[in-house]
Amino acid sequence: MANVLELSKIRKSFGTELVLNDLSLSVPEHTATVLIGASGSGKSTLLRCINLLESIDDGQIFLDGEEISDPLINVDEVRRKLGMVFQSFNLFPHKTVLENITLAPIKVQGKNQDEATTAALALLKRFDLADKADQYPDRLSGGQQQRVAIIRSLALNPRLLLLDEITSALDPVLVNEVLSIVRDLKSDGMTMVLATHEMGFATQVADEVCFLESGNILERGSAQDVLHAPKNPKTQEFLKRVHQAGRL
Amino acid sequence: MSERMNSAWSPSSREIQRRGERARISRRQAAIAAVSTTVVLGTLLIILVTSPGWEIVKKTFFDINYGREVFPTVIAGLWINLQLTFIGGAAIGVIAMGLALLRTTKSPALTPFRFLATAYVDIFRGAPLILIILLVGFGVPALQLKGISSNVIFLGTVAVVLTYSAYVAEVIRSGILSIHPSQRAAARSLGLTSGQTMRYVVLPQAIRRVVPPLLNDFVSLLKDTGLVSILGVTDAVRAAQINASRTFNYTPYVVAAILFLLITIPMTRYTDRAIRQRTNAQSAEGAI
């Protein structure tokens with residue numbers, strides 16, 4: 001199985017604070033890699049670096065074998081292949097749900113209006129949001145907004161989907177409607193890297209779980225190993241705290 | 001919603017009682033408002049008409065017959081103000097947008113223009129409008145350039161456009177900067193270029209946000225077009241002034257003021273309503 005994403009010795013700092021330190025990671029096709037770790041451990045920064053929203057200080061990032069950490073690369077073309085979903089949804093408030101989804105297919109991929117609309121409506125229908133097509137995002141619940149945000153990135157048929165704590169801003173009862181989409185995508189064979197605090201969900205979808213601490217991966221392996229039989233004392237400590245918070 | 005409304009429900013006796021109470025409270029509030037308005041306005045009116053100079057003021061500022069007589073010349077002048085406002089306003093919009101975009105771009109090729117745009121805004125926002133009008137109105141014809149009109153209305157408009165485009169550029173720029181970076185991140189991560197992100201995501205939101213301050217500027221633009229009268233343009237202010245100085249009756253000023261208000265007040269109300277409607281359509285909170 002070819003690796004869709006390959007990270008090699010990534011280093012990133014903000015000022016004097018070292019956020020990612022010599023981090024390496026391989027993501028094979030059709031797999032889900034779950035990043036866990038405390039806030040500030042570098043999960044979001046890692047995802048933003050992969051998407052080239054942040055530039056790295058050292059190391060290399062490869063997407064389908066092509067080095068995308070090359071400063072000469074066309075970042076817009078790279079991002080076309082990557083879908084990203086944010087913790088805070090970031091839907092465009094001045095556009096309807098449908099317009100949010102069709103903007104990039106029309107402007108970036110050059111699809112015509114009808115084609116993009118048909119595809120968007122099919123996605124909305126699949127995820128039970130067809131009746132919200134003409135609504136503005138502010139009229140939607142948080143869970144609905146995040147589902148629209150996921151659909152928005154799916155509309156570009158991304159090679160790799162990056163999900164940055166997509167349920168952290170949601171009411172607990174809304175979390176599941178968002179996670180069920182991700183489960184569907186996983187069974188469709190979508191390649192994903194996701195940061196999450198939902199350990200139960202991580203167990204269900206993860207092919208590999210990586211525990212991040214101080215900018216590096218301290219422990220990695222199957223969900224069974226890392227989440228239920230962690231070897232590293234820091235992983236054990238973290239999971240104990242998560243458990244106490246009732247999230248496992 | 002409607003299903004629930006249609007189901008068999010009739011208000012309880014307590015609710016009917018409450019409705020009566022609410023109606024009584026709102027009737028009482030309306031009565032208080034009416035009394036207080038009558039008292040305050042009545043007092044002001046009494047102070048005005050019983051003041052020692054009222055008779056003279058009435059004759060020299062509120063002479064209805066004279067007002068009727070000067071009305072055609074003042075309104076002909078006002079037509080100049082309106083033309084200046086709309087033609088100038090269009091030019092201001094275009095130039096200001098260009099300046100704002102230049103000042104927010106990071107493109108290295110545009111670096112010199114970014115400096116120029118900053119200098120432009122500094123100069124024309126910092127200097128009094130009346131000086132710019134005098135400098136352009138008397139300075140440009142003195143250059144005796146071929147092909148540049150020395151028409152005072154044209155030069156006056158140019159001066160107003162120079163100043164206002166600097167102001168409006170700053171308003172638009174502040175709107176652009178007020179859009180949260182996460183919107184830009186979302187657009188860029190969908191593969192939109194920085195230009196597309198500006199055009200389809202940032203600007204539409206920014207413009208919406210700055211409509212109220214822009215309206216403010218539009219109203220003051222209409223009023224400030226009166227300043228071109230110093231170049232000898234017979235606008236509404238100048239027309240009123242000519243009539244007033246001929247007869248020492250100041251009613252033309254009042255006529256001009258009323259005409260300006262007849263335009264600016266409805267304009268403000270209309271825009272307020274337009275903003276409210278759009279907010280309601282897009283935001284659940286706007287409906288409250």
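Guide: Let's start with chain B, which has 11 helices and 0 strands. This is a predicted model, where local features need pLDDT of at least 70, side-chain atom pairs count only at pLDDT 80 or more, and totals for chains, interfaces and linings use all residues. Residues are numbered from 1 along each chain as its sequence is written, while chains are lettered from A and ligands numbered from 1 in the order in which they are written.

Visitor: What makes something a helix or a strand here?

Guide: Both are DSSP runs, numbered from the N terminus: a helix is H or I with at least four residues, a strand is E with at least two. From the N terminus on, chain B reads α-α-α-α-α-α-α-α-α-α-α. Chain A has 9 helices and 10 strands.

Visitor: What is the radius of gyration of chain A set against?

Guide: The radius is taken over C-alpha atoms, and the globule rule is 2.2 Å times the number of residues to the power 0.38. For 248 residues a compact globule would come out near 18 Å, and chain A has 18 Å, so the two agree. The C-alpha trace of chain A spans about 55 × 45 × 35 Å along its principal axes.

Visitor: And what does the rule give for chain B?

Guide: A compact globule of 288 residues would be near 19 Å, but chain B has 27 Å. Its C-alpha trace spans about 85 × 70 × 25 Å along the principal axes. Chain B is also divided into domain 1 (2-44) and domain 2 (65-287), with bounds that come from an automatic or database domain assignment. Taken over C-alpha atoms, the centres of these two domains of chain B are 44 Å apart.

Visitor: Why is helix H2 of chain B said to lie largely in the open?

Guide: A residue is buried if 20 or more other C-beta atoms lie within 10 Å of its own, exposed if 12 or fewer, and partly exposed in between, with C-beta atoms placed from the backbone. Of the 37 residues of H2(B), the number buried is 0, so H2(B) lies largely in the open. In chain B, 27% of the 288 residues count as buried; in chain A, 48% of the 248 residues do.

Visitor: What length is expected for H2(B)?

Guide: The expected span is 1.5 Å times one less than the number of residues. H2(B), residues 13-49, reaches 54 Å from its first C-alpha to its last, close to the 54 Å expected. Helix H6 of chain A (172-188) has 17 residues and reaches 25 Å, close to the 24 Å expected.

Visitor: Which residues of H6(A) are buried, and how do you know where they sit?

Guide: Val178(A), Leu179(A), Ile181(A), Val182(A) and Lys186(A) are buried. Just after H6(A), Gly189(A) takes a positive phi of about 95 degrees.

Visitor: How many residues are in contact between the chains?

Guide: Two residues are in contact if their C-beta atoms, placed from the backbone, lie within 7 Å. That gives 21 residues of chain A in contact with 20 residues of chain B. Helix H2 (75-80) and helix H3 (97-107) of chain A each give two or more residues to that side of chain A.
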